[in-house]
Amino acid sequence: MSHHNDSAKFLVGVYDDDEVVLKAVTEVKSAGVRIHEVYTPFPIHGLDVALGHPRTRIGIAAFLFGLTGFLTMVSLTYYTMGYDWPMIIGGKDNYAYPAYIPVMFELTVLFTALGMVGTFLVSNGLGPTVKPLMFDLRSTDNKFVMAIDLSKNRQSEVEIASVLRASGAAEVNVKQF
Amino acid sequence: MHVTSPVRTPLVTGGKTYADVTEDICKQVEGKPTREWTIAFVISFVVLIYGTCCVFWTWWEGLGVWGLNKTVGWAWDITNFVWWVGIGHAGTLISAILLLFRMKYRTSINRAAEAMTIFAVLCAASFILMHMGRPWLAYWALPLPNAFGSLWVNFNSPLVWDVFAISTYFTVSLVFWYMGLVPDLATIRDRATSKVSRYIYGAFSLGWNGGAKTWARYEYISLILAGISTPLVLSVHTIVSMDFATSVIPGWHTTIFPPYFVAGAIFSGFAMVQNLMLITRVVFKLEDYITFEHIESMNKIITLTGSIVGVAYITEFFIAWYSGVEYERYAFLNRMLGPYWWAYWAMMTCNVISPQLFWSRKIRRSVTWTFVLSVIVNIGMWFERFVIIVTSLHRDYLPSSWAMFSPTMFDIGDYIFSFGLFFTLFLLFAKFLPVINMFEVKAIIRSASEKLPKSVSGVAKGESVTSPTFNKNVE
């Protein structure tokens, strides 16, 4: 993970309370400070909206993967049962599609799950060899951490630190990668 | 501000902070194995080794070592298969259906219940492989081009549907469970003191850092996974039931099977969750997270699904009589009064009568009663499958070929194998992974805690209240 250059310097506001950090996002933003990201030990509803993150489109990907799974099984059952080796079973059509609905459904679910989770991992840059950028190790435990990229803000370090404190940060630290 | 509704009983007791949740759950993972765990693990492992020897002999020598005969061609193998798959269903029900219904009590039990699902499906799959007799040819069940002029599998057959259903179910459950683990694995990674555990938990936590954007997407995919797992879990036992229902054997050829099997699956699965959680709760001292509220809620589901199963048994009987088909009528009378009457009545007593005791609030909030009744329910559900399979087969159309089934030591040994496998895996899970979903419990602390501490965050490991030591402070 090195899309940040060596000199990337962050100011890290550490909050004790999920409700405080949610309000703090709005306050810090209205003070004109650009927030890099907020890291939390559990999902806080409305935090992504407050930060202005766009709504995820992963649902579209999931749908397309599901459709692919469905069409794969439609093709496979059609090819095997209707075309390559047609058999008359129980006096029905070779391609007796109602009997294939269960397998079509299963493959739809399988492709949706694997494709969607794969997309999620890729789009978030997650993988077994990824070293995460941890601004504060407690952000996976009990603290709520707001990271401010100093190079992306015009205000001085001290100014931003006081904005963070005013918004309820219990600590303000410097983190350099 | 969130205020705990007085109507609802709390789901987390003891005024836990976020740091307490981390500490209480991680303690088991980080500490040395306890005496209880070691003893339990050794016993399970010995059982697994004994079972593995039996399974090996079954494969080496062939299915002749089982008590099957030409009349009863399916017995303990498929009984065990259906039993284990059914048990697995509760995990998905808890993690997916209760998520869709926004039932908060799922958060303390979903992790272990999903682990149970995965291990139970593995046990079930092992019986599928065993009953093939020649498990090295298991891939014949897949639609692969082959040496026999590309004769394909028959997609009209529920047995082929089952191959797809079980493998999809296993894969999706594993993915769902693992995705749920990732944020908690990151917590363990960030607390780890040894290099080895930092490396291992680091690799498995996939570089998770809990950013708001990641969380938003994460919640979205969890919802979709729950949304697709719900019809999936219903489809799996529906298809399992169709293995029987699409045949023309009296006693199997029953349209009520799909809902009846699904209800039975949830019934037995919740009973197994109760057994596992009641022990985990005491051994790992998790009474503040798995409260009487959880136990009671699960017992209510056991009562509901047990009643559905009871109604299904009676409906089956009524329909057998109402159909006017003498073979159908005989199959059911033979179940109730024939040579396997004891299995039938064991099923009826365990499944229909015993869960009705949970109408008493005192009984459904009692640990002992819950544990005992859950064991009874699972015995009953095993007998249900035995009754359906063996009593429907053993007296077929020609009285000259009527037979009885009696298990050999390999029928029993192969069943014991599945217990060894299940408990060995579950104990490994309980030691090396967080048995309770930490981040989901933290997320409900505000709305479902008995009393909120003054500072909900608490003090993290290695941190003192007065002087933060993690990073350089800005003056």
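Trainee: How many Å separate the centres of domain 1 and domain 2 of chain A?
Mentor: In this predicted model, the centres of domain 1 of chain A and domain 2 of chain A, taken over C-alpha atoms, are 45 Å apart.

Trainee: And which residues belong to each of those two domains of chain A?
Mentor: The assignment for chain A places residues 9-54 + 134-176 in domain 1 and residues 58-123 in domain 2.

Trainee: Switching to the interface, how many residues of chain B are in contact with chain A?
Mentor: On the chain B side there are 60 residues, and they are in contact with 67 residues of chain A. The elements of chain B that give two or more residues to this side are helix 1 (18-30), helix 5 (158-191), helix 7 (212-245) and helix 15 (438-448).

Trainee: Which of them gives the most?
Mentor: Helix 7 of chain B does, with 16 residues on the side that touches chain A. By class, that side of chain B divides into 34 nonpolar, 18 polar and 8 charged residues.

Trainee: Now inside chain B, at what angle do helix 3 and helix 14 cross?
Mentor: The axes of helix 3 (residues 76-100) of chain B and helix 14 (residues 409-432) of chain B come within 10 Å and cross at roughly 20°; since angles under 35 degrees count as roughly parallel, the two helices of chain B are therefore roughly parallel to each other.

Trainee: Left-handed or right-handed? And which residues make the contact?
Mentor: The crossing of helix 3 and helix 14 of chain B is right-handed. Helix 3 of chain B contributes B:W76, B:N80 and B:W84, while helix 14 of chain B contributes B:D411, B:Y415 and B:S418, and by class this contact has 3 nonpolar, 2 polar and 1 charged residues.

Technical notes:
Residues numbered from 1 in each chain as written. Chains lettered and ligands numbered in written order. Predicted model: local features only at pLDDT ≥ 70, side-chain atom pairs only at ≥ 80, totals over all residues. Axes fitted to C-alpha atoms, helices over the stretch in contact; angles between N-to-C directions. Helix = DSSP H or I, 4+ residues; strand = E, 2+ residues; numbered from the N terminus. Parallel < 35°, antiparallel > 145°, perpendicular 65-115°, else oblique. Left-handed = near helix turned anticlockwise from the far one by under 90°. Contact = placed C-beta atoms within 7 Å. Nonpolar A, V, L, I, M, F, W, Y, C, P; charged D, E, K, R; others polar. Domains from an automatic or database assignment.
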